Amino acid sequence: MKKMSLNNWFKSGAPWVWLTGAAVAINVIMVAGLLALIAVRGLGHFWPNDIMEADYREPNGNMQRLVGEITDQEEVPATQLREAGIEVAEGAEFATRYLIKVGNRDVTGADFRWALEDKLEKRRYPEQLFASERREWGNFYGYLRSVKEAGKEIGNYQSGQPEQQYEQLWGLLQQRIQRALAIYQQIKEIEKYEIGSINHNLERLRLQQRGYELKGELTALLQSELDAEREVHNRSYEALQERLVELYGRFERDSLTAETAEGKIIELPISKVVHAYRPNAMGVVEKLGFYGVKLWEFMTEDPREANTEGGVFPAIFGTVMMVLLMAIMVTPFGVVAAVYLREYAKQGATTRLIRIAVNNLAGVPSIVYGVFGLGFFIYFLGGNIDQLFFPEAAPAPTFGTPGLLWASLTLALLTVPAVIV
């Protein structure tokens, strides 16, 4: 009886339903776990880690002061270290070493270094240690010593002085950084938008004049009108340049001096500082607030330092716009084509041939579509549009260059077969 019921259960297909459901559940869990791992490892980059200061014994026996953030650790075979001439505890099979972000690339020449755990002595986390995120040369780690205005000290602190004096100096630094950031936004607004608009108008006038010349329609009256409009834009440009000179003078006025781990006193322009913070003196709530600010900047700011610092907003904006344009192009055409082939087309050799072609296109590698888009949309279609409608812009391409429109069309062609199928 039990055997019969078991056979009936298998014949009903229920085991395969449960097996498929279990496989789907396992896949979902694996995907969620992968996303969680990426989020923890990636988003953890913005957390303000404590800055360690320690005495490190080099392989030659010299003692060196080391300052930085511990970013990773690994177990290394002791034999490998001994072969490299590094002493390891007797009888040890493995040694732990840390990857420490020491920053100060403009001083030491490297952002990171490895340090063996058993060579780090007297590890400590002083609250006065600060990290400075800069527009160039990466992070700086050290002790704040003074703040200057136009080369003149307006606040200073030396080791051993009251803690209250250091807090006053730190507050002064934060005020100057906020002031510099406000001026930086004004400069960015003028350079990117106002001067950009003037340059666009001047280029429009140049192309307009070139168009008249190609058609033989450039008269003295048109030339004078173009020159008058160009002069207006030039005067606006000169006024903005004077404003920029004044802003840059204020922007580059302040600086700070700090002491590095090696005991060197370094002067840093505050205009190059994005953030200055002391993670060792920050509580959990303060770190969460700082983390939110950094994450928001990553999502909304432009990249800097050859795309190694800053944000990814242009990449996010370009990707979203490309997908939206692709969806607008591909969805109506793909759905209408699929409905027609399934419901209205006369079933014959032509329809079967179209179905075979669509199925084959769905399996074509994306690189083939990319080459096709480059050749057809950019070189052929865009190049001919430039020759017909924008001859005055030659030899600079207008539509005959890679862009968001052509990328969206190429992606739409790649997606249409999948939508139809």
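Colleague: At what angle do helix α8 (residues 313–344) and α11 pack, and how far apart are their axes?

Modeller: In this predicted model, α8 and α11 pack at an angle of about 35°, and their axes are 8 Å apart. Axes are lines fitted to C-alpha atoms, for helices over the stretch in contact, and angles run from 0 to 180 degrees between N-to-C directions. Helices (H or I, at least four residues) and strands (E, at least two) are DSSP runs numbered from the N terminus. Residues are numbered from 1 along each chain as its sequence is written, and side-chain values use heavy atoms, without hydrogens and water. Local features need pLDDT of at least 70 and side-chain atom pairs pLDDT 80 or more, whereas totals for chains, interfaces and linings use all residues.

Colleague: Why are α10 and α11 called oblique to each other?

Modeller: The axes of helix α10 (residues 366–389) and helix α11 (residues 404–420) cross at roughly 135° and come within 9 Å. Angles under 35 degrees count as roughly parallel, over 145 as roughly antiparallel, 65 to 115 as roughly perpendicular and the rest as oblique, so α10 and α11 are oblique. α10 passes α11 in a right-handed crossing. The loop between α10 and α11 contains P395, which is joined to A394 by a cis peptide bond with omega of about 5°.

Colleague: What makes α5 and α6 roughly antiparallel?

Modeller: α5 (163–215) and helix α6 (residues 220–251) pack at about 165°, with their axes 10 Å apart, and they are therefore roughly antiparallel to each other. The crossing of α5 past α6 is left-handed, and its contact residues comprise 18 nonpolar, nine polar and nine charged.

Colleague: How do you know which strands are at the edges of the open sheet?

Modeller: The sheet has five strands in the order β4-β3-β2-β1-β5, with antiparallel pairing, where two strands pair if DSSP finds at least two bridges between them. β4 and β5 (120–124) each pair on one side only, and these are the edge strands. From one strand to the next the twist averages 45°. Strand β3 (residues 94–101) is joined to β4 by five bridges, with L99 having W114 of β4 as its bridge partner. In strand β5 lies K122, a residue other than glycine whose phi is positive, near 55°.

Colleague: What is the volume of the largest pocket, and what makes it a pocket?

Modeller: The largest pocket has about 1,200 Å³ of space. On a 1 Å grid over the protein atoms alone, a pocket is an open set of points with protein on both sides within 12 Å along at least five of seven lines, unlike a cavity, from which a 1.4 Å probe that fits cannot get out. Grid points are joined across faces, edges and corners, and the volume is the space filled by probe spheres set on them.

Colleague: Which residues and elements line the largest pocket?

Modeller: Lining residues have an atom within 4 Å of a point, and there are 43 of them, with E133, K294, R304, E309 and G310 nearest the centre. α5 gives the most, five residues, and the lining has 14 nonpolar, 14 polar and 15 charged residues.

Colleague: How many residues line the second largest pocket?

Modeller: That pocket, of about 190 Å³, is lined by 14 residues, of which L66, V102, T108, R113 and E262 are closest to its centre. β2 supplies the largest share, four residues, and the lining has seven nonpolar, four polar and three charged residues.

Conventions
Ala, Val, Leu, Ile, Met, Phe, Trp, Tyr, Cys and Pro count as nonpolar, Asp, Glu, Lys and Arg as charged, and the others, Gly among them, as polar. A crossing is left-handed if the near helix is turned anticlockwise from the far one by less than a right angle, and right-handed if clockwise.
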